[in-house]
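Hi,

Here is the structure I promised to pass on, and below it are my notes on what turned up. Have a look at it first, then read on whenever you have a moment.

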Amino acid sequence: MGLKRAKKGTVPFSARGVAFELLQAVLRRGRPLDEALAGHAGLARLETRDRGFARMLTATTLRRLGQIDAVLDRSVTRPLPARAASVRDLLRLGAAQLLFLGTPAHAAVDGTVELVARGGPEAAGFKGLANAVLRRIAQEGEGMLAATADPAVNTPAWLWRSWCAAYGEATATDIAAAHLGEPPLDLTVKGDAAAWAERLGATVLPTGGLRRPLGGAVEDLPGYAEGAWWVQDAAAALPARLLGPVAGLRVVDLCAAPGGKTAQLAAAGADVTAVDRSAARLERLAANLARLHLTARIVAADAAQWRPPAPAEAVLLDAPCTATGTIRRHPDIPWLKTADDLAKLVPLQDRLLAAAVEMTAPGGVLVYCVCSLQPEEGPQRIAALLAAGAPVAPLPIDPAEIGGLAEAITGTGELRTLPCHLAGLGGLDGFYAARLRRR
């Protein structure tokens, strides 16, 4: 990786050094990985190959954190003191290279030990230990890894218990397994999907979107500059389709940023009002629409308080949630979210749902969705809404509306995609959606 010399007490500027800073941002300061990546000034200074390595190393360490920690615990005779938390994180990165990335042992060990040596007072005295631990993992790691076969090992206990209760242990195991691999790139196209699939080297999914392997800059792919498509997970593209034909209809898209669903609705000919409380996120939405040559009315407001001038014929609410359905794309989520976060979000989801009902015209359709695997944020919210006497009735979803994906329709006619669905094609994000008609 071409480590560069640095003064004692500083991290050498290298791909491994950047990965260390990114991992610290997530695990020690609670920053989302995407935010840490966007805010890291040094990342862009790396060569393309090293930049990709830094991202991959950080993401792999987060995906496999439970296994990595189990192997480290077997390799360290005495627990590291609290002051050596940074050493623990460096060892995690070194172990990830040895166990999962196929990095040559000399490069993984020497590069990590160099970072420990330059890590400042809190890392002082641990250079020899780091060298010994990583060399042992290089020699015995495969056997140690075999002892970490428990499917729950990379998932925090509160999440694992909730998935087992909601879906059964076998499906929870499949979900956890789906989180271990890098997901492919999904695209929603405005034009002929088959034609664009050929140009992009992509596959047309049963749900209608395109899927291609990761690799290269998205901005360099054919069709990006002319606004022919946008990046959107195949599951995330389903809720907007549940509104049915929207051409000429007034549609309100609540909590709309970054705008994938807004783009879908606008491309389908709807008169869209996109509402989000974050002005900064709406700037990104506006930029995406401009690239795609699509238009929508953009409103910066709290969706729980804002109301349209007149009730809309269709309303889409993609509510804020724990986002546990997107762990395959955001491996930091298990280590950032807690059960307390879930408890805080539920009242907000209820307020937004009540507001969305008010915004829907009589006879109109409301779709509520969350990118969460937690039943508290999905079916339980709809059950609570109906129990409270809201003037809406469930409108069951037919598998034909989502490309025949029958396994993603619940017994009550709601949408529930899981990361292990379409496993042979690379999986899906976990989404829940319910469709209601305003009485």
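In helix H8 (residues 157-167), the buried residues are Trp158, Leu159, Trp160, Ser162 and Trp163. Please keep in mind throughout that this is a predicted model. The cover over the buried residues of H8 includes helix H9 (169-178), helix H14 (333-336) and H15. After H8 comes Gly168, with a positive phi near 90 degrees.

Trp163 is worth a look of its own. This residue of helix H8 has a relative accessible area of 0%, so it counts as buried. Not counting residues up to four places away in sequence, Trp163 touches Thr155, Gly168, Ala172, Ile175, His179, Ile327, Leu373 and Gln374. Gly168, then, is both the residue that follows H8 and one of the contacts of Trp163. Ala149 lies 14 residues from Trp163 in sequence, and their C-alpha atoms are 18 Å apart.

Now to the nonpolar cores. The largest has 86 residues, of which Leu243, Leu254, Leu265, Leu317 and Leu415 touch the most other members. Helix H15 (residues 339-359) gives this core its largest share, nine residues. Apart from this core lies another, of 44 residues, including Phe20, Ala36, Leu46 and Ile137.

Ala130 counts as buried because its relative accessibility is 0%. Leaving aside neighbours within four places in sequence, its contacts are Leu91, Val113 and Val116. Ala130 and Val109 are 21 residues apart along the chain, with 8.2 Å between their C-alpha atoms.

You will find it in helix H13 (residues 279-292). Arg291 is buried but has no salt bridge, and the nearest side chain of opposite charge, Glu226, is 7.8 Å away. A salt bridge here needs a side-chain nitrogen of Lys or Arg within 4 Å of a carboxyl oxygen of Asp or Glu. What does Arg291 sit over instead? Arg291 lies over the face of Tyr224, 4.0 Å from the ring centre, and its charged end is also over the ring of Trp229, 6.0 Å from the centre of that ring. Leaving aside neighbours within four places in sequence, Arg291 is in contact with Tyr224, Ala225, Glu226, Gly227, Trp229 and Trp230. As for aromatic pairs, the structure holds one.

On to the salt bridges. Side chains of opposite charge can pair when their charged atoms come close. How many salt bridges does a search of the whole structure find? The search gives 23.

- Asp69 and Arg88 meet at 3.4 Å, N to O. The pair links distant parts of the chain, with Asp69 in helix H4 (residues 65-75) and Arg88 in helix H5 (residues 85-101), 19 residues apart. Asp69 and Arg88 are both buried, and they belong to a network of salt bridges that also includes Arg28, Asp73, Asp89 and Arg92.
- Arg329 and Asp233 meet at 2.8 Å, N to O. This pair spans 96 residues, from Arg329 in the loop between S8 and H14 to Asp233 in the loop between strand S4 (229-231) and helix H11 (238-241). Arg329 is partly exposed at 25% relative accessible area, whereas Asp233 is buried at 8%.
- Arg435 and Glu401 have their closest N and O atoms 2.7 Å apart. Arg435 is in strand S12 (residues 431-438) and Glu401 in the loop between strand S10 (392-394) and strand S11 (415-417), 34 residues apart. Arg435 is buried, with a relative accessible area of 9%, and Glu401 is partly exposed at 25%.

Finally, some backbone details. Most residues other than glycine have a negative phi, and most peptide bonds are trans. His293 has a positive phi near 60 degrees; this residue is in the loop between H13 and strand S7 (297-300) and is exposed at 59% relative accessibility. Ala323 also has a positive phi near 60 degrees, but it is buried, at 14% relative accessibility, in the loop between strand S8 (312-318) and H14. The peptide bond from Ala257 to Pro258 is cis, with omega near 10 degrees, and Pro258 is in the loop between strand S5 (250-254) and helix H12 (260-267).

Best wishes

Key: Residues are numbered from 1 along each chain as its sequence is written. This is a predicted model: local features need pLDDT of at least 70, side-chain atom pairs count only at pLDDT 80 or more; totals for chains, interfaces and linings use all residues. Side-chain values use heavy atoms; hydrogens and water are left out. Helices (H or I, at least four residues) and strands (E, at least two) are DSSP runs, numbered from the N terminus. Buried means under 20% relative accessible area, exposed over 50%, partly exposed in between (1.4 Å probe, protein chains only). Lys and Arg count as positive and Asp and Glu as negative; His and the chain ends are not counted. Contact means heavy atoms within 4.5 Å. A nonpolar core is a set of buried Ala, Val, Leu, Ile, Met, Phe, Trp, Tyr and Cys residues joined through side-chain atoms within 4.5 Å. Rings of Phe, Tyr and Trp (its six-membered ring) pair if their centres lie within 6.5 Å; planes under 30 degrees apart count as stacked, over 60 as edge-to-face and the rest as tilted. A charge sits over a ring if NZ of Lys or CZ of Arg is within 6 Å of the ring centre and within 35 degrees of the ring normal.
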